[in-house]
Amino acid sequence: MQDNPYADDRGNKDRSIANPKGGGTAEGWDRKGSARPAPGGLFLMGHKMTGGYGRGANILNDCTISVEKGQIAVIVGPNGAGKSTAMKAVFGMLNLRSGEVRLDGEDITDLSPQARVAKGMAFVPQTSNIFTSMTVEENLEMGAFLRRDDIRATMEQVYTLFPILRDKRRQAAGELSGGQRQQVAVGRALMTQPKVLMLDEPTAGVSPIVMDELFDRIIEVARAGITILMVEQNARQALEIADKGYVLVQGANAFTGTGQELLADPQVRKSFLGG
Ligand SMILES: Nc1ncnc2c1ncn2[C@@H]1O[C@H](COP(=O)(O)OP(=O)(O)OP(=O)(O)O)[C@@H](O)[C@H]1O
Ligand SMILES: [Mg+2]
């Protein structure tokens with residue numbers, strides 16, 4: 001793993017204290033000239049988000065989600081709780097009836113998803129997150145379509161992070177296994193050189209071993225300074241790597257705390273973690 005740009009050689013394998021200060025050095029992935037938030041400050045925040053689809057009823061009810069620079073925030077909750085809707089709202093794919101979204105202190109509530117990408121946000125949706133008929137490498141190139149600079153170094157970083165993608169780069173992405181497809185989706189998002197990476201159920205449908213591997217790679221990305229906001233069905237495992245955790249129920253915040261606090265909370269354990 002020495003040649004891996006994401007690798008952290010501090011020898012600290014304790015996931016619970018990944019990025020204790022929310023710092024990180026953003027090697028390679030950072031954008032030049034970007035404003036730096038105060039250390040430890042909220043980097044991305046959906047504040048009191050309320051809204052639904054079209055003219056339908058509210059799905060989100062005063063929902064607040066935030067993540068500090070370089071940290072990992074995880075959203076868990078039952079099916080239909082509005083986790084994906086909250087992600088869409090933060091990414092600008094849902095019109096909010098009230099509330100706001102801030103990135104690095106700036107109000108981005110009215111920006112389109114494309115404008116948010118230009119500001120350094122990347123989103124891997126829960127479904128349809130790759131182009132199945134395109135090759136792996138073409139998928140990565142699609143991720144970089146907004147860029148006008150040389151993308152080869154970023155592609156190298158993605159291939160170093162996910163070596164299997166290099167081996168399969170000429171293969172149609174649709175032929176890959178579930179875990180490999182998720183790597184393509186995450187790799188595609190990384191091609192934009194995001195400051196914040198939003199992942200909706202990145203480990204859906206993969207085996208426990210592949211899930212562990214994906215989580216390890218996500219930790220590496222965070223340690224390189226990229227802020228992570230993700231939704232996870234594998235609540236217990238995800239909270240183990242989370243600096244901050246949110247339990248959403250019916251579009252509202254039910255429990256919020258550090259990953260460890262939520263894992264230790266008897267009510268959260270009983271209702272959402274299977275005891
Ligand atoms: N495009 C849409 N149009 C209308 N209603 C929708 C749409 N997408 C989701 N909903 C509704 O919004 C509610 C929340 O759905 P959402 O997908 O956000 O939940 P979730 O917590 O991500 O669930 P899951 O764990 O199954 O992924 C559900 O009642 C769902 O039916
Ligand atoms: Mg969902």
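Is K48 buried, exposed or partly exposed? K48 counts as partly exposed because 15 C-beta neighbours lie inside 10 Å. The cut-offs are these: 20 or more other C-beta atoms within 10 Å of a residue's own means buried, 12 or fewer means exposed, and in between means partly exposed, with C-beta atoms placed from the backbone.

This is a predicted model, in which local features need pLDDT of at least 70 and side-chain atom pairs count only at pLDDT 80 or more, while totals for chains, interfaces and linings use all residues. Residues are numbered from 1 along each chain as its sequence is written, chains are lettered from A, and ligands are numbered from 1 in the order in which they are written.

**Positive phi angles**

- Most residues other than glycine have a negative phi.
- K48 is not a glycine, yet its phi is positive, about 50°.
- K48 sits in strand 1 (residues 42-51). Strands (E, at least two residues) and helices (H or I, at least four) are DSSP runs, numbered from the N terminus.
- Q250 is not a glycine either, and its phi is positive at about 45°.
- G92 follows helix 1 and has a positive phi, near 90°.

**The hairpin**

- Strand 9 (residues 244-249) and strand 10 (residues 252-257) run antiparallel, joined by five bridges. Two strands pair if DSSP finds at least two bridges between them.
- Y246 stands opposite T256 in strand 10.
- The two strands form a hairpin with two residues between them.
- Q250 lies in the loop between strand 9 and strand 10. With 15 other C-beta atoms within 10 Å, Q250 is partly exposed.

**The nonpolar core**

- The largest nonpolar core has 73 residues. Such a core is a set of buried Ala, Val, Leu, Ile, Met, Phe, Trp, Tyr and Cys residues joined through C-beta atoms within 7 Å.
- Helix 7 (residues 208-223) gives the largest share of this core, six residues.
- V74, A86, V90, L197, M198 and I228 have the most contacts inside the core.
- I228 touches I72, L197, L199, I218, V221 and A222, leaving out residues up to four places away in sequence. A contact means that two C-beta atoms, placed from the backbone, lie within 7 Å.

**Helix 1**

- Helix 1 (residues 83-91) is mostly covered, with eight of its nine residues buried.
- The buried residues are K83, T85, A86, M87, K88, A89, V90 and F91.

**Around ligand 1**

- Which residues surround ligand 1? They are Y53, G56, I59, G77, N79, G80, A81, G82, K83, S84, T85 and Q126. To be near, a residue needs its C-beta atom, placed from the backbone, within 6 Å of the molecule.
- By class, this shell has three nonpolar, eight polar and one charged residues. Ala, Val, Leu, Ile, Met, Phe, Trp, Tyr, Cys and Pro count as nonpolar; Asp, Glu, Lys and Arg count as charged; the others, Gly among them, count as polar.

- D200 lies in strand 7 (residues 196-200). Why does D200 count as buried? D200 has 23 C-beta neighbours inside 10 Å.
- D200 touches S84, M87, V124, P125, Q126 and V231, not counting residues up to four places away in sequence.
- The C-alpha atoms of D200 and S84 are separated by 6.6 Å, although the two are 116 residues apart along the chain.
- G259 is in helix 9 (residues 259-264). G259 counts as buried because it has 23 C-beta neighbours inside 10 Å.
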